[in-house]
Amino acid sequence: MADLSGRTLGGFVLREPIGEGGYSVVYRCEQPLLERDAAIKVLNKRRRRNDLAQERFLREARLASRLKHRYAAHIYAFGIEKDDGLFWIAMELVKGITLTDWLRKRGPMPLEQFVPFFECIAQVVQAAHKRGIVHRYLKPSNVMV
């Protein structure tokens with residue numbers, strides 16, 4: 001996917017990519033009007049041509065915007081660009097490192113640290129399930145420490 005750094009989507013200015021998967025690219029961005037940092041997930045170009053991928057991305061945005069939990073990233077906005085059909089979701093930029101990177105650097109988490117950490121993750125999953133939301137990509141690279 002072409003680098004979108006510098007592009008503005010819905011009042012958010014994309015800075016640099018901070019994560020990428022087979023489905024989307026996540027950019028660090030800023031919202032100048034509110035003077036805050038954020039993250040924007042952009043649907044990969046090849047996925048934008050797939051109606052099912054488009055529908056899944058929009059469903060993700062709608063469902064995630066309904067989830068309010070102190071341990072979940074909050075959704076700020078989402079949209080589809082008219083000029084090129086770019087699908088995007090703007091959300092809270094969570095500070096920290098991914099669980100994948102944490103484990104790579106430090107090894108297994110001590111049990112006394114793991115139990116409360118895992119309880120926080122379980123609380124978010126429970127809150128999502130109560131709203132009918134199933135997180136299909138719950139993995140260490142999507143969990144921030």
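Buried means under 20% relative accessible area, exposed means over 50%, and partly exposed is in between, using a 1.4 Å probe and protein chains only.

The model is predicted: local features need pLDDT of at least 70, side-chain atom pairs count only at pLDDT 80 or more, and totals for chains, interfaces and linings use all residues. Residues are numbered from 1 along each chain as its sequence is written, and side-chain values use heavy atoms, with hydrogens and water left out.

**Stop 1: helix α3.** A salt bridge here is a side-chain nitrogen of Lys or Arg within 4 Å of a carboxyl oxygen of Asp or Glu. Both residues belong to helix α3 (residues 99-106) and sit three residues apart, about one turn of the helix. Arginine 104 is exposed, at 62% relative accessibility. Helices (H or I, at least four residues) and strands (E, at least two) are DSSP runs, numbered from the N terminus.

**Stop 2: arginine 7.** The whole structure holds seven salt bridges. For another of them, select arginine 7 and aspartate 84, whose closest N and O atoms are 2.7 Å apart. Arginine 7 lies in the segment before β1 (8-9) and aspartate 84 in the loop between β5 (75-80) and β6 (87-92), so this pair ties together parts that are 77 residues apart in sequence. Aspartate 84 is partly exposed, with a relative accessible area of 35%.

Stop 3: Show β5 and β6, which form a hairpin with six residues between them. In the turn, glycine 85 has a positive phi of about 70 degrees. The two strands pair in the antiparallel sense over five bridges, where pairing requires that DSSP finds at least two bridges between the strands. Isoleucine 80 has phenylalanine 87 of β6 as its bridge partner.

Next, display β4 beside β6. These strands are also antiparallel and pair over five bridges, and valine 42 is partnered with tryptophan 88 in β6. Is β6 enclosed or open? Five of its six residues are buried, so β6 is largely enclosed by the rest of the structure.

**Stop 4: from β4 to helix α2.** Select lysine 41 and glutamate 60, a salt bridge with its closest N and O atoms 2.7 Å apart. Glutamate 60 lies in helix α2 (residues 51-66) and lysine 41 in strand β4 (residues 36-43), so the pair ties together parts 19 residues apart in sequence. Lysine 41 is buried at 16% relative accessibility, whereas glutamate 60 is partly exposed at 24%.

**Stop 5: the sides of α2.** Select the whole helix. α2 has 16 residues and reaches 23 Å from its first C-alpha to its last, close to the 22 Å expected at 1.5 Å a residue; the expected span is 1.5 Å times one less than the number of residues. Colour Ala53, Phe57, Leu58 and Ala61, which are buried. They cover an arc of only 135 degrees around the axis, which puts them on the same side of α2; the arc is taken from the directions from the helix axis to the C-beta atoms. The buried residues of α2 pack against β4, α1, β5 and β6, with contact meaning heavy atoms within 4.5 Å. On the face turned away from the buried side, look for the exposed residues Asp51 and Leu52.
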